[in-house]
Amino acid sequence: MIGAEMDYKTNVMRILDKHKVSYRHYSYDAGKAVSGVEVAQILGENPAQVFKTLVTVAKSKQHYVFMLPVGEELDLKKAAAAVGEKAIDMLKSKELLPLTGYIHGGCSPIGMKKVFPTVVDISAQNFATIIFSAGKVGYQVETGLEGLSRVITIKVADIIQKKD
């Protein structure tokens with residue numbers, strides 16, 4: 001099911017509606033997609049335009065959110081530099097739900113329990129819109145960076161690990 005056929009709204013969609021941000025929404029059989037790249041394939045979308053949301057913790061104990069294409073890896077050194085930290089690590093999976101209110105595979109930068117500094121990979125600027133989790137496994141939303149920035153504060157930076 002894609003787009004207007006869906007009548008279920010996630011909290012992320014309600015927040016986008018409240019801020020009058022236009023978006024497309026998608027739903028898919030979550031049992032068929034294990035990775036973000038598989039989600040992109042199921043949706044028939046370019047994996048470079050489908051973004052995952054990663055939560056990190058710095059040595060300072062501050063948490064940061066990073067959004068990058070599903071087929072890419074976060075470069076922890078670049079990510080730390082982007083937020084002015086000496087070092088950051090990925091948040092442990094068991095800490096994700098209590099911290100954000102989201103589970104692995106359904107984590108969205110919108111609607112977390114607390115607002116964390118969010119960095120979007122610079123490659124997002126290559127697209128009019130990006131697709132990311134709507135806050136529930138099996139649901140995605142698509143909007144532009146301008147729309148996203150009306151809901152949360154974002155910074156754009158090069159945070160992807162270079163492939164050898």
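Residues are numbered from 1 along each chain as its sequence is written. In this predicted model, local features need pLDDT of at least 70 and side-chain atom pairs pLDDT 80 or more, while totals for chains, interfaces and linings use all residues, and side-chain values use heavy atoms, without hydrogens and water.

**Stop 1: the largest pocket**

Select K52, T53, L54, H104 and G105. Of the 31 lining residues, these are the closest to the centre of the largest pocket. The pocket holds about 700 Å³. (A pocket is an open set of points on a 1 Å grid where a 1.4 Å probe fits, with protein on both sides within 12 Å along at least five of seven lines; lining residues have an atom within 4 Å of a point.)

Now colour β2 (51-58). Strand β2 gives the largest share of the lining, five residues. (Strands are DSSP E runs of at least two residues.) By class, the lining has 18 nonpolar, ten polar and three charged residues.

**Stop 2: salt bridges**

The model has six salt bridges, each a Lys or Arg side-chain nitrogen within 4 Å of an Asp or Glu carboxyl oxygen.

Select R24 and E142. Their side chains meet at 3.8 Å, N to O. R24 lies in β1 and E142 in β7, 118 residues apart. E142 is buried at 10% relative accessible area; R24 is partly exposed at 43%. (Buried is under 20%, exposed over 50%, partly exposed in between, with a 1.4 Å probe and protein chains only.)

Next, select D17 and K9, whose closest N and O atoms are 2.4 Å apart.

Finish at K78, D158 and K162, linked in a salt-bridge network.

Technical notes:
Points joined across faces, edges and corners; volume = space filled by probe spheres on them. Helix = DSSP H or I, 4+ residues; strand = E, 2+ residues; numbered from the N terminus. Nonpolar A, V, L, I, M, F, W, Y, C, P; charged D, E, K, R; others polar.
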